[in-house]
Amino acid sequence: MLNSRIDLHIHSTASDGCWTPEEVALQAYSAGISLISLTDHDTIAGVDSVIASCAPYGIGVIPGVEMSSKHNGNLIHILGYGVDWTDPAFVSMVEANGTMLADYDDRLVLSLVNAGYRIDMQEYQDYTWDLGRGGWKSLNYLIDIGLCRDVRSFFDELFVDDLEATFPQFPPPTEVIRSIKAAGGVGVWAHPITNMSDEHSSNRMLLTDMIEAGVEGLECYSCRHDEAWTEQFLRWANENDLLITGGSDSHGGFVDRQIGVPELHLSDLRLGAQLTDSVRYKT
């Protein structure tokens with residue numbers, strides 16, 4: 001089991017990935033992965049399907065979600081692992097975050113209208129797209145009407161300066177992690193590199209804030225981390241007795257992140273008894 005390949009950060013069409021939960025299971029099997037977690041953004045809609053779809057392949061699933069939070073105005077993603085995804089209070093928290101994301105989509109498009117772009121808001125409200133493209137509503141709509149080319153031009157060229165895309169006021173990490181724990185899960189700080197700065201002291205302060213907020217693990221291994229940052233996060237995890245997780249953050253073909261990369265095995269990680277006991281094999 002220690003040599004089993006693992007990927008604990010995968011997205012599906014339930015949020016912004018290109019693969020359905022059923023396709024995630026097939027892709028994991030094809031990559032030789034035996035333990036996964038489907039961690040869609042602020043939704044648990046794909047958990048039942050991915051557990052059922054992984055069963056014929058003998059792939060274990062840790063129930064998961066990637067929750068958005070805000071700390072000092074900055075977006076921080078918290079991976080909720082081993083959660084009871086049917087817990088009413090937890091479902092309510094996840095759905096509230098999902099609603100904020102949908103409202104954010106609408107506000108982005110409305111900001112373009114207010115800036116003078118010729119956009120029919122009713123057309124946008126009625127818009128649907130092939131979920132297999134990945135991404136989200138406003139992105140796909142704006143691509144289809146020719147205002148941006150892809151996710152990079154969406155953020156780097158269209159929503160800049162006065163039109164900067166400011167994420168919603170998601171709940172603080174303390175609140176998100178409390179909800180995850182109340183649902184029997186563990187809160188892990190996702191790809192912490194995205195919240196790092198050039199100041200070592202401020203990074204240490206943020207780590208302290210996150211531990212005080214209740215985070216129990218770091219996603220030390222990520223396609224976003226170079227070797228130096230991976231080693232830094234491993235040191236912090238070991239110094240603070242935190243769980244060590246990792247994953248590809250694969251969205252299928254939506255962004256260039258290959259499932260199973262970085263290549264991880266159970267022996268690379270420190271999941272702890274709670275997460276190990278949460279693995280689901282549907283029979």
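Leu243, Thr245 and Gly247 point one way from strand E8, while Ile244 and Gly246 point the other way, and all are buried. In a regular strand the side chains alternate between the two faces of the sheet. This model is predicted.

**Strand E8 and its partner**

E8 is mostly covered, with five of its five residues buried. Strand E7 covers residues 217-222 and pairs with E8 in the parallel sense over five bridges. Within that pairing, Tyr221 has Gly246 of E8 as its bridge partner.

The loop between helix H9 (227-239) and E8 holds Asp241. Asp241 is not a glycine, yet its phi is positive, at about 55 degrees. Asp241 is exposed, because its relative accessible area is 66%.

Is Asp249 buried or exposed? Asp249 counts as buried, because its relative accessibility is 2%.

Pro262 is in the loop between E8 and E9 as well. The peptide bond leading from Val261 to Pro262 is cis, and its omega is near 5 degrees.

**The surroundings of Asp249**

Which residues does Asp249 contact, apart from its neighbours within four places in sequence? They are His9, His11, His191, Arg224 and Arg257. The side chains of Asp249 and Arg224 are joined by a polar contact of 2.9 Å.

**Salt bridges**

Side chains of opposite charge can pair when their charged atoms come close. The count for this model is seven salt bridges.

| Pair | N to O distance |
|---|---|
| Arg152 and Asp156 | 3.9 Å |
| Glu216 and Lys181 | 3.8 Å |
| Arg204 and Glu239 | 3.4 Å |

Arg204 belongs to helix H8 and Glu239 to helix H9, so this pair ties together parts that are 35 residues apart in sequence. Arg204 counts as partly exposed, at 33% relative accessibility. Salt bridges with shared partners also join Arg224, Asp249 and Arg257 into one network.

Arg152 counts as exposed, with 61% relative accessibility.

The side chains of Glu216 and Lys181 meet in a salt bridge of 3.8 Å, N to O. Glu216 is in the loop between helix H8 (200-212) and E7, whereas Lys181 is in helix H7 (residues 173-182), so the pair ties together parts that are 35 residues apart in sequence. Glu216 is partly exposed, at a relative accessible area of 26%. Lys181 also counts as partly exposed, at 37% relative accessibility.

**A nonpolar surface patch**

Which residues make the nonpolar surface patch of about 290 Å²? Leu26, Tyr29 and Tyr57 do. Tyr57 is in the loop between helix H2 (47-54) and strand E3 (60-61). Tyr57 is partly exposed, because its relative accessible area is 31%.

Notes:
Residues numbered from 1 in each chain as written. Predicted model: local features only at pLDDT ≥ 70, side-chain atom pairs only at ≥ 80, totals over all residues. Heavy atoms only, no water. Patch = residues over 30% accessible without salt bridge, like charges linked within 9 Å, V, L, I, M, F, W, Y side chains within 5 Å. Areas by Shrake-Rupley, 256 points an atom, 1.4 Å probe, with all protein chains shown as cover. Salt bridge = Lys/Arg side-chain N within 4 Å of Asp/Glu carboxyl O. Helix = DSSP H or I, 4+ residues; strand = E, 2+ residues; numbered from the N terminus. Buried < 20%, exposed > 50% of the residue type's maximum accessible area, 1.4 Å probe, protein only. Polar contact = N/O pair within 3.5 Å; in protein donor to acceptor, adjacent residues only side chain to side chain. Contact = heavy atoms within 4.5 Å. Pairing = 2+ DSSP bridges.
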